[in-house]
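I have a new structure open today, and I am keeping short notes as I go. Come and read along with me.

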Amino acid sequence: MSFIEDIYKAGVVGAGGAGFPTHIKYKANATHLMINAAECEPLLFTDQYNMENYADDIISAISLAKSEINADKATIGIKSKYIKSISALQNAIKKQNADVDICSFDSYYPAGDEQSIINEITGEALPAGKIPLDMKIIVSNVSTMKNIYDATRNIPVTEKCITVTGEVVCPSIITVPIGTSIKECINLSGGSSIEDYDVIIGGPMMGKLLLKENIGTTFVTKTTGGIIILPKDHKLITRRKQSIEHIKNQASSACIQCTFCTELCPRYLKGHPLKPHKIMKAFGFGDITNENLKQASLCCECGICELYSCPMGLSPRMVNAHVKIELRKNNIPRENYITDEIHDMLIYRKIPTSRLISKIDIEKYYKIHDFNILKSDTDTVTIMLSQHIGKVPTPVVNVGDTVKKGDVIADLSIDDMGAIIHASIDGKVTEITNKDITIKKVI
Ligand code: SF4
Ligand code: SF4
């Protein structure tokens, strides 16, 4: 089988973001393969765990991928403070005599934004509205490379490594079958240490809110990287619960047009025509025809403006997310954006991780570095059919079928933008809906 077929058959998708199907990404040719190992969301340690424990696999996969896309160079972008990870990667590079470089940089947020990685490695900025391939670059997350390595050995993606932290008895790095409930992941880590909590799935800055009452009916997918348990009154939780009406009222009554949100915006600083203070003004006054609103489509929703910059506690990021949805609904096309020079202040306005964690009030959780390493042995999984960008695969099993871990349970063609789904445990299919497939162990 070819490299692309291996990845397709294993159902690999980008492990660090929205889940772009990897076999589609690697069909292209590029001159530079960049590996995103920055893991910039505070509190997450999953990529570091993978680098420290699977460096040989990761470097092998990088060499294979580099040759597949005919790249001249492969560079891993990583924070210099990840000393153990860098050492493991350097040893693997030496052992394999691999032609892979390491580019290290300071610990700031959002170092792991694809555009920051490109800027750190090349010194250039990706023009606004363009994708890395427009610069002949392919960027992949470091944990995706581990899955690519497994794929070349016919091991499909059936497990997920996740950081479970915050208000939990034993902060842990857990490995669980895909389809394990979030509740079970929290229980595996000793349960929550408080009664009144909600959960963030992903990192504290960009992760999604999950209410406590829904943890039993929400399941691990191929892109779940973090489970953070926080008190219900923590600002990272309350911020995410604001209604768009409330946000709009705030924008019209409390935005003082200080421009701090723009001055610290990493996309603006890379020369993109994105000025969140202008979007706030137009949105606050209900000026839906204002041309400035179109800039919102350039926002990566990193949350700096909302959780770090704004002195008034307003939410430009949530406004941008809302405006983006409205632009799509109304079929308003993207602009041909004109990108400026990189701002002279970019290097001085990177947000140090230490300052960020203090500002968003997570210092007490950040200090826990001594994680437990746990593996789950769940007896029921509910596997989502849509775990990635693109087409939803079609179930190829029936209720009552016996399946083995690694069997294909939902399929699509290699030319489809999507990913195959596999059984993550041995068992019997007990339910199939248009959203998911449930498998129970037979005892
Ligand atoms: S930082 Fe806050 S107050 Fe200042 S312009 Fe932006 S949204 Fe308005
Ligand atoms: S969330 Fe705010 S700071 Fe981040 S890219 Fe969007 S506008 Fe800029």
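**Domains**

I began with the domain assignment, which gives domain 1 (3-151), domain 2 (158-234 + 361-378), domain 3 (240-359) and domain 4 (384-443); such bounds come from an automatic or database domain assignment. I note that this is a predicted model, in which local features need pLDDT of at least 70 and side-chain atom pairs count only at pLDDT 80 or more, while totals for chains, interfaces and linings use all residues. Residues are numbered from 1 along each chain as its sequence is written, chains are lettered from A and ligands numbered from 1 in the order in which they are written, and side-chain values use heavy atoms, with hydrogens and water left out.

**Where domain 1 meets domain 2**

I looked up the C-alpha centres of domain 1 and domain 2, and they lie 25 Å apart. The contact (heavy atoms within 4.5 Å) takes 17 residues from domain 1 and 23 residues from domain 2.

Next I checked buried area, the accessible area (1.4 Å probe) that two parts lose on being put together, summed over both. Domain 1 and domain 2 bury about 1600 Å² between them, with 68% of it on carbon and sulfur atoms. On the domain 1 side, Leu-43, Phe-45 and Tyr-49 lose the most area to domain 2, together 39% of what that side buries.

**Asn-141**

I found Asn-141 in strand S5 (residues 137-141); strands (E, at least two residues) are DSSP runs, numbered from the N terminus, as are helices (H or I, at least four). Is Asn-141 buried or exposed? I wrote down buried, because its relative accessibility is 14% and buried means under 20% relative accessible area, exposed over 50%, partly exposed in between (1.4 Å probe, protein chains only).

Leaving out residues up to four places away in sequence, Asn-141 touches Ala-15, Gly-16, Ile-35, Asn-36 and Asp-47.

**Ile-288**

My last stop was Ile-288, in the loop between helix H12 (276-284) and helix H13 (304-309). I put Ile-288 down as exposed because its relative accessible area is 73%. I also looked up Ile-288 with Gly-406: they are 118 residues apart in sequence and 49 Å apart in space, C-alpha to C-alpha.
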